[in-house]
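I opened my notebook to look up how the parts of this structure are arranged.

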Amino acid sequence: MNFKRLGTIGAVAIAGSILLSSCAANEGTPTETDAPVSTLSGTIDGAGSSAQGSAQEAWIAAFQTANPDVTINYDPSGSGAGREAFIAGGTAFAGSDSALKQEEIDGGFAACVPDTGYIQVPDYISPIAVIFNVEGVTDLNLDAATIAGIFKGTITSWDDPAIVALNKDAKLPAAPITAVHRSDDSGTTKNFTDYLNKVAPEVWDAPAADPFPYTTGEAAQGTSGVVDAVTNGTNTIGYADLSKAGDLGVVSVKVGDEFVKPTAEGAAAVVAESPAGDTAGDTDLAIKLDRLTTDPTHYPVVLVSYLIACNEYVDADVAPLVSAYLTYVTSADGQAAAADAAGSAPITAETSDKIAAILAAIK
Amino acid sequence: MTTATPSPRAKSRLADRIFSGTTVFAGSLILAALAAVAVFLIAQSIPALVADPAELKGSPSSFWAYVAPLAFGTVWAAFLALLMALPVSIGIALFISHYAPRRVAQGLGYIIDLLAAVPSVVFGLWGIKILAPAVTPLYDWLVNNLGWFPLFAPPVSGTGRTILTVAIVLAVMIIPIITAVTREVFLQTPRLHEEAALALGATRWEMIQVAVLPFGRPGMISAAMLGLGRALGETMVVAMVLSPAALITFVLTSSQNPSTIAGNIALNFPEAHGVGVNALVATGLILFAITLVINSIARVVINRRKAFSGAN
């Protein structure tokens with residue numbers, strides 16, 4: 001009996017392993033034959049911004065197809081955790097929704113050769129759309145102070161004079177506003193509240209942060225949760241990456257004297273023309289986003305995410321991999337792949353060239 | 001276990017020793033696991049308990065101010081769920097054990113058990129996509145007509161993603177476990193008690209009142225506690241459906257609801273770092289303590305009631 005049973009288990013195990021190995025063999029062949037010859041091999045780890053998460057997945061898939069012997073791991077553990085891991089030397093590169101702080105730079109980076117500096121370049125730009133679902137309203141114009149009032153809970157009805165004054169032609173219902181924000185910590189919330197805090201500080205008195213600062217309005221999990229809540233609710237408004245807005249109404253935000261709809265071009269333009277950040281240098285392209293812009297070709301409600309890496313790695317084997325991967329990420333191809341997968345706005349060609357020069361010098 | 005006792009003549013065989021060793025190992029493994037969890041929770045919580053509260057999310061005045069709304073929300077949502085699930089479950093269990101024809105009863109029993117096998121994330125999706133939009137008009141009506149009642153104080157949520165919706169989903173999720181246990185207990189009612197009640201002229205409902213329910217009371221309580229335990233720890237449904245805010249309120253239909261500990265951990269762990277992780281683990285320790293206390297109370301209640309039931 002026992003032998004019979006053992007035999008059955010053994011048979012199942014053998015059959016299973018044959019099945020699995022045959023699968024693996026099938027999957028392996030196309031990449032081996034199609035891929036161009038690549039001399040790169042090895043593994044690098046990155047961690048950080050979850051906003052970049054789906055773009056990183058697309059980049060990794062494409063890069064590993066072109067370089068079959070390379071493995072790249074990206075852990076979307078959050079910007080703060082990503083910067084900490086990179087500083088401690090746990091990862092070869094980091095993705096972060098906010099630029100390195102001066103004290104983080106002063107502390108040094110464990111993975112880099114001391115005193116060789118670091119690299120910080122933008123790689124992911126995503127316009128944040130203010131989305132709404134109000135019966136009978138297809139176009140909505142709002143300025144920062146009104147958006148801040150709605151999300152802070154000081155403007156509670158769609159026929160509030162502040163909204164009516166900006167939308168003379170719209171038929172706004174006398175219904176309460178349900179403002180939906182993120183219930184989880186998020187770089188989207190940080191950039192959205194940063195915009196409100198910079199442009200309308202008299203209303204939005206809380207500094208930019210990952211968690212939503214007020215206990216007002218409705219909260220939902222993740223971008224898809226916010227979009228769901230806005231879609232399924234009545235007289236709702238929320239904020240989400242433009243690519244996830246779907247068929248919902250999108251608010252035109254007041255920039256200067258005009259109302260601007262979010263576009264990839266507007267987001268890329270404001271990033272390209274913003275002044276350099278406090279820490280900027282030869283290999284640090286951090287910018288101070290110009291939220292107060294009055295140029296109507298700009299869309300200032302935008303999330304910019306950075307790649308952080310070393311100029312010179314202690315582990316020399318890692319350097320060519322990081323250089324090649326980050327160059328692909330910030331190239332026109334990589335940016336197009338991210339636009340497809342995550343709906344991000346490609347960085348401008350000029351910035352891309354500048355970044356390529358920096359990355360080529362990694363050793 | 002009595003069958004496993006070897007007769008005096010039988011000599012101890014290798015298989016016996018292996019088997020008893022395995023059971024001892026399995027039994028002590030669960031204790032070790034529990035101890036390991038407790039040690040982990042306490043060790044990881046300490047940094048959050050001694051940290052400057054300004055570093056915690058939302059900058060509360062102390063760790064306890066941070067955890068209080070979460071602990072309240074956890075107990076409140078689970079209590080509401082139990083309030084809805086318990087009568088329904090007992091009704092289903094009585095129907096299956098004493099009213100339904102045997103064939104129907106069996107089928108219904110399988111279906112209820114099947115409900116227990118549905119993953120909670122599926123219930124979460126159902127809650128967001130179907131239930132929340134469906135109950136929104138009801139909440140509107142409640143707030144407009146019963147707004148004077150503190151539980152339905154205005155303003156109403158525009159999306160229906162309130163703690164009452166969460167409690168309804170949780171109730172659906174805990175019905176199978178409560179039903180399964182109470183049904184088993186009701187079926188154990190001594191046949192003689194039931195027949196005696198019927199012989200004395202009781203109707204079927206009176207028979208259930210005097211024979212089945214008193215006999216099943218400890219079982220019903222332990223079933224309710226099992227359900228409560230599941231509701232307290234349920235994570236995905238709360239994280240997906242609830243619109244949370246850091247406050248304590250009994251209002252059932254508002255956009256701002258107290259979150260639960262498990263839901264809050266699920267929402268904030270992915271982006272947490274530094275002392276934020278410790279704070280989340282510390283809230284987990286509080287949840288551990290809450291479930292321990294509730295289960296102990298249930299044990300005490302069951303043990304005290306046992307003497308008065310028809311079980312002996």
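**Entry 1: a helix pair in chain B**

I looked up helix α3 (residues 102-116) of chain B and helix α5 (residues 163-187) of chain B, which pack at an angle of about 140 degrees with their axes 8 Å apart. Axes are lines fitted to C-alpha atoms, for helices over the stretch in contact, and angles run from 0 to 180 degrees between N-to-C directions. Helices here are DSSP runs of H or I with at least four residues, strands are runs of E with at least two, and both are numbered from the N terminus. α3(B) and α5(B) are therefore oblique to each other. I noted the cut-offs: under 35 degrees is roughly parallel, over 145 roughly antiparallel, 65 to 115 roughly perpendicular, and the rest oblique. The crossing of α3(B) and α5(B) is left-handed; that is, the near helix is turned anticlockwise from the far one by less than a right angle, while clockwise would be right-handed.

Which residues of α3(B) meet α5(B)? I found G109(B), I112(B), D113(B), L115(B) and A116(B). On the α5(B) side I found I175(B), P176(B), I177(B), T179(B), A180(B) and R183(B). Residues are in contact if their C-beta atoms, placed from the backbone, lie within 7 Å. This helix contact divides into seven nonpolar, two polar and two charged residues. Nonpolar means Ala, Val, Leu, Ile, Met, Phe, Trp, Tyr, Cys and Pro; charged means Asp, Glu, Lys and Arg; the others, Gly among them, are polar.

**Entry 2: what I am reading**

I must remember that this is a predicted model: local features need pLDDT of at least 70, side-chain atom pairs count only at pLDDT 80 or more, and totals for chains, interfaces and linings use all residues. Residues are numbered from 1 along each chain as its sequence is written, and chains are lettered from A and ligands numbered from 1 in the order in which they are written.

**Entry 3: the two chains**

Chain B has ten helices and two strands. Chain A has twelve helices and twelve strands. Of the 312 residues in chain B, 38% are buried. Of the 363 residues in chain A, 49% are buried. Buried means 20 or more other C-beta atoms within 10 Å of the residue's own, exposed means 12 or fewer, and partly exposed is in between, with C-beta atoms placed from the backbone. The C-alpha trace of chain B spans about 70 × 60 × 35 Å along its principal axes.

**Entry 4: a covered strand in chain A**

How many residues of strand β12 (residues 302-310) of chain A are buried? I counted nine of its nine. Both faces of β12(A) are covered, with V302(A) and Y306(A) among the buried residues on one side and L303(A) and S305(A) among those on the other.

Strand β3 (residues 93-96) of chain A pairs with β12(A) in the antiparallel sense over three bridges. Pairing needs at least two DSSP bridges. Strand β4 (residues 118-133) of chain A also pairs with β12(A) in the antiparallel sense, over nine bridges. G95(A) has L307(A) as its bridge partner in β12(A), and V121(A) stands opposite L307(A).

**Entry 5: where the chains meet**

I finished at the contact, which takes 26 residues from chain A and 25 residues from chain B. α3 (79-87), β7 (218-220) and α8 (222-232) of chain A each give two or more residues to it. The chain A side has six nonpolar, 14 polar and six charged residues.

Notes
Two residues are in contact if their C-beta atoms, placed from the backbone, lie within 7 Å.
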